[in-house]
Structures are given as structure tokens and as C-alpha cells.
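These are my notebook entries on a structure that is new to me. I set down what I looked up, entry by entry.

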Amino acid sequence: MFSTSNKSVHFSEKLAIVFSVLCAIHCAITPVLLLTASLVPSLTLVGQSWFNIDETMEWILIAIAALFGFINLIHGYQKHHHQILPLLLFSSGIIVFVLHQLLESSLNTHIFIALLANVLMLTAQIINIYFSRKSTCSH
């Protein structure tokens, strides 16, 4: 899937994509888990309610995705293509996630907003890989 040539996908690109996909999977599974937890009111995990753990997990996933994503995109921008579009798309996705976490929303909007943010972040990574492979740099 990934070549080993000079234009190979940088390790941080792979990590950024993996964490974006994990984030998308988490966002798809969370509504099911929340519904299950609401059916069993006494459901707790290590003395905390599932809802508190899930909110913490979402902040952790956002932070990890932002960290690896920005490392990757800044590398691509500085070393390969000097195109701002991937950074703008990714930043938009992170901003959507953060605003969504700060503002309460219904379960239906959670799914839509999480999907929108993930699409922005994954699109940014794909465009970054495209621009990096298309660039004429030699490393």
C-alpha cells in the first residue's frame, strides 16, 4: 500500500490517518454505547459513570489526533509542498470537534458533527499526501 521510495508516506502520516480513523470508529460506536448505558442505569466503570469516561476519552482522542495530524501536516507544508489547504481543512475539523465538545448537543447532532469533523481531518491528510507526492523535493 505504501511505497518505500523517496515519495513514501511519512510515519507521522500513517499515525495521523490511523488516529483519524480510530476517532471516526469511536464516534460511530459511542451512540450505541450511550444507549446501552442509558438502559442500565447502574452501569459504572471503575466507580465513574460511562458518560464521564466517554467525555474524557473524546478529549484524549481529539488531542492525539490534533498532535499527530498537525505534526504530519506541518512537516508536509514545510518540507514538501507549501500548500496551506491541508492545514486549513484539518484545523477546521479540530475546531468543529472542540466546539462540539464545549457545546452540548443531542445524540443525532453528535453523529453528524463527528462525521463532518472526521471528513475534514481525513480529507486534509489525503490532500497532504497527494501534495507531498506531487512535490519535487528530494528527501
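Where is H82 found? I located H82 in the loop between helix 2 (50-81) and helix 3 (85-102). For helices I took DSSP runs of H or I with at least four residues, and for strands runs of E with at least two, numbered from the N terminus.

I noted that this is a predicted model, in which local features need pLDDT of at least 70 and side-chain atom pairs count only at pLDDT 80 or more, while totals for chains, interfaces and linings use all residues. Residues are numbered from 1 along each chain as its sequence is written, and side-chain values use heavy atoms, with hydrogens and water left out.

Entry: I looked up the backbone of H82 and found a phi near 55 degrees, a positive value in a residue other than glycine. Most residues other than glycine have a negative phi. H82 is exposed, at a relative accessible area of 53%. Here buried means under 20% relative accessible area, exposed over 50%, and partly exposed in between, with a 1.4 Å probe and protein chains only.

**Entry: the chain as a whole.** I listed four helices and two strands, in the order α-β-β-α-α-α from the N terminus. Of the 139 residues in the chain, 36% are buried.

Entry: In soluble globular proteins, nonpolar side chains tend to be buried together.

**Entry: the aromatic pairs.** I paired rings of Phe, Tyr and Trp (its six-membered ring) if their centres lie within 6.5 Å; planes under 30 degrees apart count as stacked, over 60 as edge-to-face and the rest as tilted. How many aromatic pairs does this rule give? The count comes to two. F70 and F90 form an edge-to-face pair, at 4.9 Å centre to centre with 85 degrees between the planes. This pair links distant parts of the chain, with F70 in helix 2 and F90 in helix 3, 20 residues apart. F70 is partly exposed at 25% relative accessible area, whereas F90 is buried at 0%. Y130 and F131 form a tilted pair, at 5.9 Å centre to centre with 50 degrees between the planes. F131 counts as buried at 18% relative accessibility.
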